[in-house]
Amino acid sequence: NKAIASDIGLNTGYSTVSLDRFELTPSKPSKYLKPITAENFNFHNEVNQNGAIANVITNNTVGHLEIGSLLKQANLSAKLALNNVDAKGFKEFSEAINKYNHTCNAKLDDYDDAIKGLLKGKPELLVDHIKVAFEDSNIELTGHIKGVDLDKLNNNTVDAIRKIDGLKGLDMKLKVKANDAVIAHFDGQDNSFGQILDNFISADVIKREADGYSLDIDYQNAELRFNGIPLEALKLT
């Protein structure tokens with residue numbers, strides 16, 4: 001860990017937590033508590049400030065995760081960056097989140113001002129990748145979220161985020177990919193899943209690829225689209 005307080009009191013620098021192996025075994029059999037084994041953890045977070053702007057980077061990996069009989073041979077990795085954040089707003093947001101985590105009756109609405117401060121200046125969230133694999137199943141998310149225009153938001157930022165049409169100015173482009181094994185898993189849990197999936201494919205909402213399926217999610221000019229199809233048109237179909 002290497003942290004240095006900036007001129008505004010923002011903790012800049014980096015922190016890294018690495019763990020070779022972690023085991024948690026319940027003292028007696030339980031329906032809710034399962035043995036947990038995790039290996040090759042690496043969590044890295046970095047904050048830097050350039051004048052009034054701050055950039056945040058996080059890069060996390062779990063080489064192996066096992067939870068009883070529920071999850072076998074799982075691993076995950078995620079690399080994200082939040083750029084062009086108002087430094088003072090990020091400092092206040094960090095302090096608010098720390099307070100939120102230590103409050104038993106926390107309400108998100110109470111931190112509306114802190115969220116507004118974080119969104120000031122149209123920050124950009126870059127999703128380099130979020131990859132999750134369990135046995136032979138693989139899911140991946142990539143893309144970006146940026147350009148929130150606070151001047152066009154409702155008075156209550158939290159309420160605006162909850163509404164699809166409340167984020168005017170937002171530029172979002174995300175791609176979700178899942179291989180055939182993921183679909184087979186959910187199809188095994190629900191016999192109707194395959195039919196629902198076929199309906200989405202026939203409506204061109206989900207794309208069939210050689211190794212699985214993909215879904216493009218776009219939000220431009222206050223309109224949400226799935227593989228280019230507007231949400232309103234999707235509702236009709």
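Two strands are said to pair when DSSP finds at least two bridges between them. The model shown in these close-up views is a predicted one.

**View A. The hairpin of β10 and β11.** Strands β10 and β11 run antiparallel and are joined by four bridges, and in one of these pairings Q220 has E223, in β11, as its bridge partner. Two residues lie between the strands of this hairpin, and N221, which sits in the turn, has a positive phi of about 50°. The side chain of E223 also meets that of R225 in a salt bridge, with 3.0 Å from N to O. E223 counts as partly exposed because its relative accessibility is 31%, and R225, at 32%, counts as partly exposed too.

**View B. Strand β10 and its partners β8 and β9.** Strand β9, which covers residues 207–209, pairs with β10 in the antiparallel sense over three bridges, and a hairpin joins the two through two residues. Within this pairing, G212 in β10 is the bridge partner of E209. Strands β8 and β10 also run antiparallel, joined by eight bridges, and here M172 stands opposite Y219 in β10. Strand β10 is mostly covered, with eight of its nine residues buried.

**View C. A salt bridge between K173 and D218.** What distance separates N from O where the side chains of K173 and D218 meet? The value is 3.1 Å, N to O. Because K173 lies in strand β8 and D218 in strand β10, the pair ties together parts that are 45 residues apart in sequence. K173 is partly exposed, with a relative accessible area of 44%, whereas D218, at 14% relative accessibility, counts as buried. Side chains of opposite charge can pair when their charged atoms come close.

**View D. The largest nonpolar core.** This core holds 17 residues, and those touching the most other members are M172, V205, I217, L224, F226 and L234. The elements that give two or more residues to the core are β8 (171–179), β10 (212–220), β11 (223–226) and α6 (231–236), with the largest share, four residues, coming from β10. Leaving aside residues up to four places away in sequence, V205 touches F200, L215, F226, N227, I229 and L234. A second, separate core of 14 residues includes L10, V47, V85 and L118. In soluble globular proteins, nonpolar side chains tend to be buried together.

**View E. The surroundings of P123.** P123 lies in the loop between α2 (112–119) and β6 (124–134). Is P123 buried or exposed? Its relative accessibility is 7%, which lies below the 20% limit, so P123 counts as buried. Not counting residues up to four places away in sequence, the contacts of P123 are L82, N83, N84, V85, L118, I145, K146 and G147. From P123 to K88 the separation is 35 residues in sequence and 13 Å in space, C-alpha to C-alpha.

**View F. A salt bridge between K146 and E124.** The side chains of K146 and E124 meet at 3.7 Å, N to O. This pair links distant parts of the chain, with K146 in strand β7 (residues 137–146) and E124 in strand β6, 22 residues apart. K146 is partly exposed, at a relative accessible area of 28%, while E124, at 17% relative accessibility, counts as buried.

How values were computed: Residues are numbered from 1 along each chain as its sequence is written. This is a predicted model: local features need pLDDT of at least 70, side-chain atom pairs count only at pLDDT 80 or more; totals for chains, interfaces and linings use all residues. Side-chain values use heavy atoms; hydrogens and water are left out. Buried means under 20% relative accessible area, exposed over 50%, partly exposed in between (1.4 Å probe, protein chains only). Contact means heavy atoms within 4.5 Å. A nonpolar core is a set of buried Ala, Val, Leu, Ile, Met, Phe, Trp, Tyr and Cys residues joined through side-chain atoms within 4.5 Å. A salt bridge is a side-chain nitrogen of Lys or Arg within 4 Å of a carboxyl oxygen of Asp or Glu.
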